[in-house]
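Please have the model open while reading.

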Amino acid sequence: MNPNEKSHKRALNIIAAYGAEHSAWPEEERGATLNALQSSDQLTEMLSEAASLDSLLQRSARVATLDGAYLAQQIAHRVPQQLTLSQRLSRRLEVVAESLSSDAWKPALAASLTLSAGLAVGSTTYEPVEDWSQAEHYSFTVVGEEY
Amino acid sequence: MQADEAKLVALVRKGDQRAYTDLVVRHLPAIEVYAKRIVNDDTLAQDIAQDVMVVLWQRSGDFNPDKARLTTWLHRIAHNRCIDIMRKRQREVNWDASDSEYPVVESENATDLQPIDVALMRLPESQRTALVLTYYQNLSNRDVAEILNSSVRAVESLLVRARGNLKKQLETQL
């Protein structure tokens, strides 16, 4: 089969499959199909028949009736999203990253630093008194008896 | 458009309702009409279209913009739902193969249908799907091959047979 016969056969097949509308033909083969059409009466006749079927296909009466915005609202409010473990983790990390990028963390950090400093100072300077010599005397004074 | 939709899907993954609404408004009409042409039952087709939009909300993480366009992904989900329903229905409908080559379940609004819609419903499911996806849904042959889990050549072969069968049917009807 020579190249002309090959492109003629391919053009026949394209029209038989996709119809007469040039825009429906595979983009990369559109030019070659148009070229083949110019030199073939058989292809021109076939194109005309395909155009008749296309016009019948256009008469189909199916229309969409659902309200997209309303449906989206209903689904988003009622249906929980199913996320994988990695998606859940990345969503949590994004929340943490977002909170760090805002100023909301500053008061919390100031409070935790103050508390940490207080605990550090207290634990290093406090020395408990170990002198218990007067303890018995004090306790009996409190209960009102003395030996 | 494709990059814009990939961004919107990424937002949906994070639970962004506005991005989700935007995508549903864009894609729902095409999916609903596709399902109507395939299952020939308006109520069932609307249920299928809603199911597809639920999948978009619940499992947007499964969509990979590097592998497919969003419309192809949604049509593939719709196609699988339609096939499941039609096979289930086919088991329920006790049709006699000698009376009719293919089972045609009349829709509730059959009187509103054009001869072309009736002829389409009489096509074998694979031919009808290939023709509807290519002609009415304006999907490329590669997209259709991906949805049907087939090759471009196989899709073309289905299209040639579908158009040939339609022509024969319409010649006898008109």
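## Interface and salt bridges

In this predicted model, 47 residues of chain B are in contact with 40 residues of chain A. Together the two chains bury about 3,900 Å², 56% of it on carbon and sulfur atoms. Gln58(B), Tyr135(B) and Arg163(B) supply 18% of the area that chain B buries against chain A, more than any other three residues.

Polar pairing is also present. Across the interface, 22 residue pairs are in polar contact. Helix 2 of chain B gives the largest share of the side that touches chain A, 11 residues. That side of chain B divides into 22 nonpolar, 11 polar and 14 charged residues.

The count of salt bridges between chain B and chain A is 5. Over all chains, the whole structure has 13. Some of them are listed here.

| Salt bridge | N to O distance |
|---|---|
| Arg10(A) and Glu29(A) | 2.7 Å |
| Arg10(A) and Glu156(B) | 2.9 Å |
| Asp51(B) and Arg81(B) | 3.5 Å |
| Asp117(B) and Arg62(A) | 4.0 Å |

Arg10(A) is buried at 16% relative accessible area. Glu29(A) is buried at 18%, and Glu156(B) is buried at 2%.

Within chain B, Asp51(B) in helix 3 and Arg81(B) in helix 4 are 30 residues apart. Asp51(B) is partly exposed at 33% relative accessibility. Arg81(B) is partly exposed at 29%. Salt bridges that share partners also join Asp4(B), Glu5(B), Asp22(B) and Arg26(B) into one network.

Notes:
Residues are numbered from 1 along each chain as its sequence is written. Chains are lettered from A and ligands numbered from 1 in the order in which they are written. This is a predicted model: local features need pLDDT of at least 70, side-chain atom pairs count only at pLDDT 80 or more; totals for chains, interfaces and linings use all residues. Side-chain values use heavy atoms; hydrogens and water are left out. Contact means heavy atoms within 4.5 Å. Buried area is the accessible area (1.4 Å probe) that two parts lose on being put together, summed over both. A salt bridge is a side-chain nitrogen of Lys or Arg within 4 Å of a carboxyl oxygen of Asp or Glu. A polar contact is a pair of N or O atoms within 3.5 Å; within protein, one must be able to donate a hydrogen and the other to accept it, and residues adjacent in sequence count only if both atoms are side-chain atoms. Helices (H or I, at least four residues) and strands (E, at least two) are DSSP runs, numbered from the N terminus. Ala, Val, Leu, Ile, Met, Phe, Trp, Tyr, Cys and Pro count as nonpolar, Asp, Glu, Lys and Arg as charged, and the others, Gly among them, as polar. Buried means under 20% relative accessible area, exposed over 50%, partly exposed in between (1.4 Å probe, protein chains only).
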